[in-house]
Amino acid sequence: MLRNRFHPGFVAQGDYVIGGIFPIHYNQEMPDINSMHSPTPVKCNGFDPRAFRYAQTMRLAVEEINQRTELLPDYTLGYKIFDSCSYPLTGQRAALAMLNGLSEDDSPLCSGASPLLAVIGESGSSQSIVLSRILQPFRIPMISYFSSCACLSDRRKFPTFFRVIPNDDYQVKAIAQLLIRFNWTWVGLVRGDREYGRFAVQGLLRELQGTKVCVAYQEIIPLLYNRQRILEIIQVMRISSAKVVVSFSSVGEMTPFLRDYMMQNITGIQWVASEAWVTASVFTVSKYYPYMGGTIGFGIRKGHISRLSDYLQTVNPQMYPNNILLPPCSGQESLLERHSAYMNTSRPRVAYNVYKAVYAIAHSLHNLLVCQPGSGPFQNNSCAPSNNIQPWQLQYYLQEVTFNIAGEEVNFDLKGDSIPYYDIINWQRGTGGNTEFVNVGLFDGTKPAGEELVIQEDRIIWAVSICSASCHPGSRKAVRRGEPVCCFDCVPCDNGKISNQTDSIECTFCPEDFWSNKDRTACIPKKVEFLAYDSLGITLTVTSVVGACLTIAVFAVFFYHKNTAIVRVNNSELSFFILLSLTLCFLCSLVFVGEPTSWSCMLRHTAFSITFSLCLSCILGKTLVVLAAFTATRPGDNVMKWLGPKQQRVIIFSCTQVQVVTCAAWLIDAPPFPSRNTQYERSKIILECSVGSSLAFWCVLGYIGLQACLCFVLAFLARKLPGNFNEAKFITFSMLIFCAVWLAFIPAYISSPGNYADAVESFAILASSFGLLFCLFSPKCYIILLKPEKNTKQHLMAKENK
């Protein structure tokens with residue numbers, strides 16, 4: 001009676017042999033079990049070029065190690081590679097054949113000692129559980145490149161198991177955070193009928209406890225594919241209101257399932273894929289995208305294998321005519337077109353794990369062989385003999401190994417697990433209509449809780465529209481009345497408020513001296529404003545200096561021509577007092593430019609009020625003299641003796657003294673002071689001078705107004721008195737301009753904030769000063785400089801021609 005043969009796919013001799021088991025076929029046909037004849041072998045179907053690439057990666061890694069001089073320099077590695085057919089029973093037969101020899105025909109089962117030091121495998125967690133239990137009695141370490149079930153971290157049940165992929169405890173934690181992040185509160189679960197899917201779903205349900213995420217249904221893809229059962233699962237997905245589906249399944253389970261899923265024309269599902277199938281090359285063809293586009297999931301870390309692409313192209317059926325694992329071909333096909341999944345080496349993930357696993361064994365074996373007698377880790381500080389190494393001795397070094405490959409540090413924790421790290425993958429349409437796996441973030445399990453997940457949301461293409469997209473920082477959630485809590489509007493934060501987290505429920509106020517930035521995501525210091533030396537400040541400064549210089553120039557002209565008739569007739573002493581006070585008035589406006597200080601605030605209002613009061617007092621004295629001189633018509637009238645030089649000085653001093661006393665009382669009782677105005681414009685801090693006492697402020701302004709009005713009335717009465725040069729006319733006109741300027745100043749000052757109020761007051765000072773200067777002194781300067789023939793007493797006292 002012939003026994004069923006079970007041949008390895010690839011074999012290479014070496015000083016030390018390692019095994020490899022890969023799911024080179026992803027489906028199987030079970031034999032007839034009617035017990036009427038001898039059962040036939042399990043028939044493997046569905047060649048998986050991706051898994052075949054994994055096997056070739058193992059071969060490449062072994063050949064590289066054998067060519068290196070610094071790693072295992074005096075020894076070579078061999079291998080035996082079998083196909084598990086993605087099925088635990090077939091994987092079990094492969095493991096037993098591997099332990100006995102090249103095939104079951106060479107020797108009876110379990111007839112001799114194991115020639116293996118370690119095994120690379122398996123892909124599925126179910127197969128790895130079976131293989132690990134078979135290898136455990138022989139204490140042969142096994143490194144999985146793709147089995148992520150958390151159950152395999154139990155050292156009591158699987159003491160010889162290692163893996164270079166994170167266990168699913170981290171993946172389910174990442175998926176739970178993803179669901180919470182996007183507010184997917186109503187989801188469905190689909191898993192395979194193996195330990196991988198069962199433990200992953202159990203872990204996810206634990207992670208979702210206490211959150212808002214609820215599971216609408218749980219469906220299981222049967223181990224033996226049953227189309228009728230699959231159609232029932234698809235119908236549940238079709239009628240369910242849950243439009244987000246999380247799937248923990250292998251590629252072999254998802255491939256036939258998605259075939260029927262697409263035949264039923266199901267769309268509008270947002271798939272969340274596990275690492276087992278999210279980067280499977282078989283799903284890159286264009287027919288999948290209309291149904292699966294937008295899928296998001298967690299892929300294992302990718303790496304770089306420099307020689308892999310060239311090596312894969314050297315494998316062809318002519319080199320291995322008797323190898324049943326190689327698919328038949330004519331030899332003329334283009335690998336890049338027909339077998340793109342096989343030649344896809346741009347982002348190796350699982351293949352990179354295979355590569356790391358082989359090097360982990362090589363480094364561990366190297367460390368074992370360089371052990372110095374007397375300093376070894378075994379009994380009596382002994383080392384393992386190089387000609388009789390036991391697998392359990394290699395496992396000791398495997399547990400302790402640490403090495404770097406492609407810039408990554410590789411080691412194992414006490415449970416045999418590796419560093420938890422995932423790329424977040426999004427299925428997007430490529431240029432040719434195919435599916436591209438786009439990296440849109442990462443999950444780093446070594447980071448503190450809450451910081452592991454980093455997602456670039458703006459790069460994600462979604463499969464379905466959700467009720468409400470997440471509210472970005474700078475806005476808050478506003479629940480829509482009468483709709484579920486997952487439906488909301490994103491309302492931008494008000495001015496002065498911020499939100500710096502996604503999906504903030506409310507915006508928070510900025511501190512008093514801070515304001516929200518343009519995006520409403522951070523508080524920034526408020527802009528401080530005052531009448532600075534910018535364009536406006538410089539203009540006022542220049543105008544003030546020019547006014548003061550003009551006044552000094554007029555003073556110089558009058559002083560030089562002080563003995564001429566026009567200067568003497570118009571009371572030269574009072575003219576000089578007026579010019580001096582006007583110079584001070586021009587210079588007063590300089591105090592309004594620059595950052596307010598205690599001294600500048602006190603000086604601003606008091607200086608200009610006293611200087612203007614002095615100026616108006618002089619004008620008042622001049623007006624009284626003019627009026628008295630031309631109204632004393634009777635002989636012996638002694639009016640002028642009461643308005644002599646001494647009396648004029650007394651009038652000027654007395655009128656000015658009233659303003660000085662008022663200002664002194666103001667400074668003593670409630671002086672002006674610098675203040676920070678945050679009420680007028682909340683986004684800015686306006687530095688201004690508070691008047692301290694509003695009553696005192698308006699008193700000094702009122703007194704100036706009273707003086708101006710009195711001057712205007714007296715000058716108006718004297719405007720028609722005889723003489724070629726009647727100064728009363730010019731005083732009347734100057735007072736008219738002065739009063740107009742300050743009457744316009746009052747509403748403008750009240751309605752202007754901070755630096756604008758200072759600018760308005762400075763402008764009023766300059767405008768009124770220029771008005772007085774030009775109205776009072778330009779006619780006199782004209783005669784002095786341009787019409788000297790009229791600068792005589794006879795001409796000035798003569799009556800105007802009618």
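How do the residues of the lining of the largest cavity divide into nonpolar, polar and charged? Keep that in mind; the tour ends there.

**Before you start**

This is a predicted model, where local features need a pLDDT of at least 70 and side-chain atom pairs count only at pLDDT 80 or more, while totals for chains, interfaces and linings use all residues. Residues are numbered from 1 along each chain as its sequence is written, and side-chain values use heavy atoms, with hydrogens and water left out.

**Stop 1: confidence**

Colour the chain by pLDDT, the predictor's confidence in each residue, from 0 to 100. The protein chain averages 82, and 85% of the residues score at least 70. Now select residues 1-5. Here pLDDT stays under 50, and the model has 8 contacts beyond four places in sequence. A contact means heavy atoms within 4.5 Å. Next, select residues 102-113. Their pLDDT is below 50 too, with 22 contacts beyond near neighbours in sequence. Where pLDDT is low, the predicted coordinates should not be read in detail.

**Stop 2**

Helices (H or I, at least four residues) and strands (E, at least two) are DSSP runs, numbered from the N terminus. Two strands pair if DSSP finds at least two bridges between them.

Show the open sheet with the order β10-β9-β11-β12-β13-β16-β17-β18; its pairing is mixed. Find the edges: β10 (214-221) and β18 (453-455) each pair on one side only. From one strand to the next, the twist averages 30°. Angles run from 0 to 180 degrees between N-to-C directions, and axes are lines fitted to C-alpha atoms, for helices over the stretch in contact.

Zoom in on β12 (270-273) and β13 (296-300). They run parallel, joined by 2 bridges. Click Val 272: its bridge partner in β13 is Ile 296.

α5 lies across β9, β10 and β11, at about 155° to β9.

**Stop 3: the sheet of 6 strands**

Switch to the open sheet ordered β1-β5-β2-β6-β7-β8, again with mixed pairing. At its edges are β1 (10-12) and β8 (161-163), each pairing on one side only. Neighbouring strands are turned by 20° against each other on average, direction ignored.

Which way do β7 (142-144) and β8 pair, parallel or antiparallel? They pair in the parallel sense, over 3 bridges. Select Ile 143 and you will find Phe 162 of β8 opposite.

Two helices come next. α2 (88-100) lies across β2 (16-22), β5 (77-83) and β6 (116-120), at about 150° to β5. α12 (350-369) packs on the sheet, touching β2, β5, β6 and β7, and makes about 155° with β6.

**Stop 4: two backbone details**

Select Gly 121 and Glu 122. A cis peptide bond joins them, with omega about -5°. Glu 122 sits in the loop between β6 and α3.

Jump to Asp 503, in the loop between β21 (497-498) and β22 (508-509). Its phi is near 60°, a positive value in a residue other than glycine.

**Stop 5: the largest cavity**

On a 1 Å grid over the protein atoms alone, a cavity is a set of points where a 1.4 Å probe fits but cannot get out; lining residues have an atom within 4 Å of a point. Grid points are joined across faces, edges and corners, and a volume is the space filled by probe spheres set on the points.

The structure holds 4 cavities of 30 Å³ or more. The largest has a volume of about 270 Å³. Select Ser 123, Gly 124, Phe 146, Ser 250 and Val 251: of the 24 lining residues, these are the closest to its centre. Then show α1 (49-67), α3 (125-135), α5 (195-208) and α7 (251-263), which each supply at least two lining residues.

Back to the opening question. The lining divides into 8 nonpolar, 11 polar and 5 charged residues. Here Ala, Val, Leu, Ile, Met, Phe, Trp, Tyr, Cys and Pro count as nonpolar, Asp, Glu, Lys and Arg as charged, and the others, Gly among them, as polar.

Key:
1 Å grid on protein atoms, 1.4 Å probe; cavity = no way out; pocket = protein on both sides within 12 Å on 5 of 7 lines; lining within 4 Å.
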